[in-house]
Amino acid sequence: MTSAARKQSPLPTARMDQMVHHFLSGMSARCLLFLCVLFALCVSLGDGACAEVDSDTEAVAGQDFKLGCISCKMRGEVEASATADWYFRARGEIDFAHIYSYDGVLSTIIDERFEGRVNWTGSRMTSDLQDASVYLLNVTFNDSGVYRCFFSRTLSYEYYEYQTTASKEVHLTVVPKATRGTASIVSEVMMYVSIIGLQLWLLVEMIYCYRKISAAGDEALRASAAEYLAIASESKDNCAGVQVAE
């Protein structure tokens, strides 16, 4: 057998590349979009991102209520330490009263009206406070008013430190029993409708892409088998021609 015949007998690498390219080209843009959406939904976050969400403003008398207060750093990679203080101005009052303080380790209830009724629920096990939320226990009608959350933060750079402050306000109203507005009900219904619609769309796209990929795979296998048989037949003819020539 000549060297030319020996070179033609195995399946060339170029042919394999063509088959792979043919298989990949069977996936449409819709399949790629579906895979991207599915990947985005399935990826879990390694570190929780900071998001400044507003606090609720309506509490029910006799129940516990979370006073939300979040202040995110502008640059997460900068080391920092912070303290958080809460102030309260009741209805009819002019000045704010200092009621609570937290420094990352110790919490202190300053105002006797809130003694034993404030629990820290913000950032834990860190002095870099970004969430200063607290639980107000056994809410009464006297708790209606304005609550102010105050951050005092120290940003630590390589050669210097920078002091910054931030504050949030919560206008709290205490009601006898929980009420739900029309906007809340509509938004909840729309949320469920959106979730169900998205799941149905993902299911349809999954079936479509599965069929598309399956058809492309079968076609690629048939093409590769036909090419292999053609190469084998060509190699056989070349071998026969060499033997006759000898």
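Student: Through how many residues does a hairpin join E8 to E9?

Tutor: First, a word on the basis: this is a predicted model, where local features need pLDDT of at least 70, side-chain atom pairs count only at pLDDT 80 or more, and totals for chains, interfaces and linings use all residues. Residues are numbered from 1 along each chain as its sequence is written, and side-chain values use heavy atoms, leaving out hydrogens and water. E8 and E9 pair in the antiparallel sense over 12 bridges (two strands pair if DSSP finds at least two bridges between them). The hairpin that joins E8 to E9 runs through 4 residues.

Student: Which residue in E9 stands opposite threonine 154?

Tutor: E8 covers 145-156 and E9 covers 161-175, and the two strands pair in the antiparallel sense. In E9, the residue opposite threonine 154 is glutamine 163.

Student: How many helices and strands does the protein have?

Tutor: Both are DSSP runs numbered from the N terminus, helices being H or I of at least four residues and strands E of at least two. Reading from the N terminus, the order is α-α-α-β-β-β-β-β-β-β-β-β-α. The secondary structure comes to 4 helices and 9 strands.

Student: In the open sheet of 6 strands, which strands stand at the edges, and why is one side of each left without a neighbour?

Tutor: The strand order is E1-E9-E8-E3-E4-E5, with mixed pairing. Each edge strand has a single partner strand, so one side of it has no neighbour in the sheet; these are E1 (58-60) and E5 (107-109).

Student: What does the twist average from one strand to the next there?

Tutor: Angles run from 0 to 180 degrees between N-to-C directions, with axes fitted to C-alpha atoms (for helices over the stretch in contact). From one strand of this sheet to the next, the twist averages 25°.

Student: In E9, which residue is the bridge partner of alanine 59?

Tutor: E1 and E9 run parallel and are joined by 3 bridges. The E9 partner of alanine 59 is valine 174.

Student: Which residue in E7 stands opposite valine 118?

Tutor: We are now in the open sheet of 3 strands, which has the order E2-E7-E6 and antiparallel pairing. E6 and E7 (residues 134-136) are paired over 3 bridges. Opposite valine 118 stands leucine 136.

Student: Which strand gives the most residues to the lining of the largest pocket?

Tutor: On a 1 Å grid over the protein atoms alone, a pocket is an open set of points where a 1.4 Å probe fits, with protein on both sides within 12 Å along at least five of seven lines, and lining residues have an atom within 4 Å of a point. The lining has 13 residues, with Cys72, Lys73, Met74, Arg153 and Leu155 nearest the centre. With 3 residues, the strand that gives the most is E9.
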